[in-house]
Amino acid sequence: MIAAKHLSKRYGDLLAVHDVSFDVAKGEVVGFLGPNGAGKTTTMRILTGFLPPSDGQAVIDGHDMFEDPLAARRSVGYLPESPPLYPEMDVQGYLTFVAKLKDVPRKERREAVSRALERCGLKDVRRRVIGALSKGFRQRVGLAQAIVHSPPVLILDEPTIGLDPIQIREIRGLIADLASPKGGETQHTVILSTHILPEVEAICRRVILIHRGSKVVDSPLSELTQGGRSLEQVFAQQTARDLAAPAESA
Amino acid sequence: MKHVGTIAGRELKSLFVSPVAYVVLTLFSVLAGFFFLSSVLQFTEYVIRLQQFQLLDQLRELNLNDQVIAPFLGVMSVVLLFVIPGITMGLFAAEKANGTDELLLTSPLTIWEIVLGKYLAAAAFVMILVAMVALFPGLLFLYGNPEVPKTVAGLLGLFLVGLAYTAIGAFASSLTRSQVIAFVLAFVLLLLLWMLSFLADLGAAGGTMGSANNLSAFLRYLSSSDHFEQLVKGLIDTTDLVYFAILIGSFLLLAKAAIESVRWR
């Protein structure tokens, strides 16, 4: 579903992402872990086509992001770190606008918007102006925006950041739902980035850990935590080891 | 190109739910009314003076187009220098500040669609402004008989100037995420463009550039004010139309290039 092939991204002298490769199969929920500044956001921006890689290839659902950007982008739903909302629009108007942008056919648009409203629990606020919503609701609108065109691939950049514990639980539940839907709804393949470890344990079955722009761990969660190790220990161990080794970006 | 309408529609709508559109329209109509009134008062005063001195020949040659409408449109074109940066400053800068550029640039649409959609929305707003200006010469038709074609040509000139300014403002907005910087940059670019003909006049008058008459002519060609004045005189010449088309086209291309370059940095 998602194939990252030897992705690198250079900002001037800074090597933000270095030769990152991975494949994500249909229906997988992958946790993209790493300390702040590890290159998570950059990698996700490359996968969504917001940034071109300096090197390597991103292929989404069989479409190369560089060769066939329109088809590839149609297959992705993306929630950036700060949800891309227009504060002056109402929720329903905004989602309709996004549905148009994402090429949802005119006939299916209403249906698509009301489905996204439903799934994200936004029915009651659909006439409210986005700027007047609480942070939790705005995050949900951001999520609704990402799924409105039922994309096979979802890329979520820190979807629970800045939310209170109850909201976090709701959003996590929602993400889990998206990957294993009940009857008829699109099954999404999800990559979500976070640096909150319990979040990964709650919803992901596979973990990719990047540190200083390079992939250091890529394995199922169950393997990582076997032998009684906690994810936190693994995380600390991996990021510490690399600190001692000469940094690849230097 | 099917997304152009989507982008333009959203842009216009948000212009009209925010106070910006109403503030601009209100202030613009106040200014237009003020300058129209002052043109009319000047005209009547002039007529009275000519009557006092019995200058009947001159009195016969007076007409509303040259004495009222032309100066009025001239002043309004200067007002556009200030107003249009206010309309265009948010076009792209606000998207970047909001983070919504990430939505647009990861959606299946081309950068051209974004640029054209935004431009059309701002252009529609400029059309409203010009329509408001048109009301005032319209009043003159109730009490006098100005020439229709000349008046229309003048309004067309004002509209074209507005469209060209909008393209420049859009370009300024594409360069930055700060609306203030976008405003100032657009204003300075417009002012320079407008002032080029003054520079050309200095050259023609035998100033430091006196010897380089080609340069003078070139500056004059680049400046928006001369092309505008041709239209106000009622002369619709393809040279002037081509000038505006080139100006609009090249600044929209620049805006597109500026947005693309962010990705490749």
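Colleague: What share of the 265 residues of chain B counts as buried, and what makes a residue buried here?

Modeller: In this predicted model, 41% of the 265 residues of chain B count as buried. For chain A the figure is 46% of 250 residues.

Colleague: How do you know which secondary structure chain B is built from?

Modeller: By counting the elements: chain B has 12 helices and 0 strands. The C-alpha trace of chain B spans about 75 × 50 × 30 Å along its principal axes.

Colleague: Now for some helix pairs. Why are H8(B) and H11(B) called roughly antiparallel?

Modeller: The axes of helix H8 (residues 148-174) and helix H11 (residues 224-232) of chain B cross at roughly 155 degrees and come within 7 Å. Angles over 145 degrees count as roughly antiparallel, and H8(B) and H11(B) therefore qualify. On the H8(B) side, the contact includes Ala153(B), Leu156(B), Val161(B) and Ala164(B). From H11(B) come Ser224(B), Phe228(B), Leu231(B) and Val232(B). By class the contact has 7 nonpolar, 3 polar and no charged residues. H8(B) also brings Gly154(B) and Gly157(B) to the contact, and Gly counts as polar here.

Colleague: How do you know the orientation of H2(B) relative to H4(B)?

Modeller: Helix H2 (residues 19-52) and helix H4 (residues 64-88) of chain B pack at an angle of about 160 degrees, with their axes 9 Å apart. The limit is 145 degrees, and H2(B) and H4(B) are therefore roughly antiparallel. Their crossing is right-handed. Among the residues that meet are Phe28(B), Leu31(B), Phe35(B) and Phe43(B) in H2(B), and Pro71(B), Phe72(B), Val75(B) and Met76(B) in H4(B). That contact divides into 17 nonpolar, 3 polar and no charged residues.

Colleague: What makes up the contact between chain A and chain B?

Modeller: Chain B gives 18 residues and chain A gives 22. On the chain B side, helix H1 (4-17), helix H6 (101-105) and helix H12 (238-264) each supply at least two residues. H1(B) has the largest share, with 4 residues. This side of chain B has 6 nonpolar, 9 polar and 3 charged residues.

Colleague: Why is Asp61(A) called partly exposed rather than exposed or buried?

Modeller: Asp61(A) has 17 C-beta neighbours inside 10 Å. Exposed needs 12 or fewer and buried needs 20 or more, so the count for Asp61(A) falls in between. Asp61(A) sits in the loop between strand E4 (55-60) and strand E5 (63-64) of chain A. Its phi is positive, about 50 degrees, although Asp61(A) is not a glycine.

Colleague: What makes the backbone of Ser150(A) worth a look?

Modeller: Ser150(A) has a positive phi too, near 45 degrees, and is a residue other than glycine. Ser150(A) lies in the loop between helix H5 (135-147) and strand E7 (153-157) of chain A. With 16 C-beta neighbours inside 10 Å, Ser150(A) counts as partly exposed.

Colleague: And how do you know whether Ala240(A) is buried or exposed?

Modeller: Ala240(A) has 11 C-beta neighbours inside 10 Å. The cut-off for exposed is 12 or fewer, so Ala240(A) counts as exposed. Ala240(A) belongs to helix H9 (residues 231-244) of chain A. Its C-alpha is 9.7 Å from that of His211(A), and 29 residues separate Ala240(A) and His211(A) in sequence.

Definitions and conventions:
Residues numbered from 1 in each chain as written. Chains lettered and ligands numbered in written order. Predicted model: local features only at pLDDT ≥ 70, side-chain atom pairs only at ≥ 80, totals over all residues. Axes fitted to C-alpha atoms, helices over the stretch in contact; angles between N-to-C directions. Parallel < 35°, antiparallel > 145°, perpendicular 65-115°, else oblique. Contact = placed C-beta atoms within 7 Å. Left-handed = near helix turned anticlockwise from the far one by under 90°.
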